[in-house]
Amino acid sequence: LRLARLPARQLLLRRVVHALADQLQVAARGSVDRADRTAGRGPESAAAKTRALVVGINYFGGAHPIDGAVYDADKMKAFLAQRGFSTEATDLRLLRDNAPTASLMPTRANILRGVDWLVKDAAPGDLLFFHFSGHATQQADEGSDEADGMDECLVPCDHAKSGLITDDQLFDRLVRPADMV
């Protein structure tokens, strides 16, 4: 398994980036002001919601630890709060490999469960945000849909036991449910 430190501290796999670009551009333009939305002045309706899944994995005790991925996740949570995203547990899930409970560890199952939660009941105008700070790698393409013959993959904290998360798996869970393809 070849691991690489993520550039720019954030990974949104390239196919997901392209499919979600419009939503992310709305978030990048500025804060999500709930008062403006309620008054009908914002880009989203009053019923629109913000949801975020933020993952930070330092791989504590592993063969290839990272310094700063958990810190990145904490900083991203603070950044989202500054931009008007709710940080309530019902609206933001923070998975870190120093979490106090197993349900908040960035395992393969918890990350995929978090991605499913992120898009569940999403409606037009909702702002959904996914941030991953940790290792990524590539493996041979299983679906023959990659021009370079390689799938890009996220590396969960339990990858040795549970496996990687491919770009195709993320695309199927993040983009297809939102009818964005």
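Which strands does helix H3 lie across? H3 lies across E2, E3 and E4, running at about 165° to E2. Hello everyone, let me walk you through this one.

A word on the model: it is predicted, local features need pLDDT of at least 70, side-chain atom pairs count only at pLDDT 80 or more, and totals for chains, interfaces and linings use all residues. Residues are numbered from 1 along each chain as its sequence is written, and side-chain values use heavy atoms, with hydrogens and water left out.

Helices (H or I, at least four residues) and strands (E, at least two) are DSSP runs, numbered from the N terminus. For the angles, axes are lines fitted to C-alpha atoms, for helices over the stretch in contact, and values run from 0 to 180 degrees between N-to-C directions.

Let's start with the sheet. Three strands make an open sheet in the order E3-E2-E4, with parallel pairing; two strands pair if DSSP finds at least two bridges between them. E3 and E4 are at the edges with a single partner strand each, so one side of each has no neighbour in the sheet. The twist averages 5° from one strand to the next. Five bridges join E2 to E3, and Ala52 stands opposite Leu92 in E3. H4 packs on this sheet too, touching E2, E3 and E4, where contact means heavy atoms within 4.5 Å.

Now the interior. A nonpolar core is a set of buried Ala, Val, Leu, Ile, Met, Phe, Trp, Tyr and Cys residues joined through side-chain atoms within 4.5 Å. Buried means under 20% relative accessible area, exposed over 50%, and partly exposed in between (1.4 Å probe, protein chains only). The largest core has 25 residues, and Val55 and Ile111 are among those with the most contacts inside it. H4 gives the largest share, six residues. Apart from that core lies another of 10 residues, including Val54 and Phe129.

How many aromatic pairs are there? There is one, counting rings of Phe, Tyr and Trp (its six-membered ring) with centres within 6.5 Å; planes under 30 degrees apart are stacked, over 60 edge-to-face and the rest tilted. Phe85 and Phe129 have ring centres 6.4 Å apart and planes at 70°, so they are edge-to-face. Phe85 is buried at 6% relative accessibility, and Phe129 at 9%.

Last stop: Gly163, in the loop between helix H5 (159-162) and strand E7 (165-166). Gly163 is partly exposed, at 22% relative accessible area.
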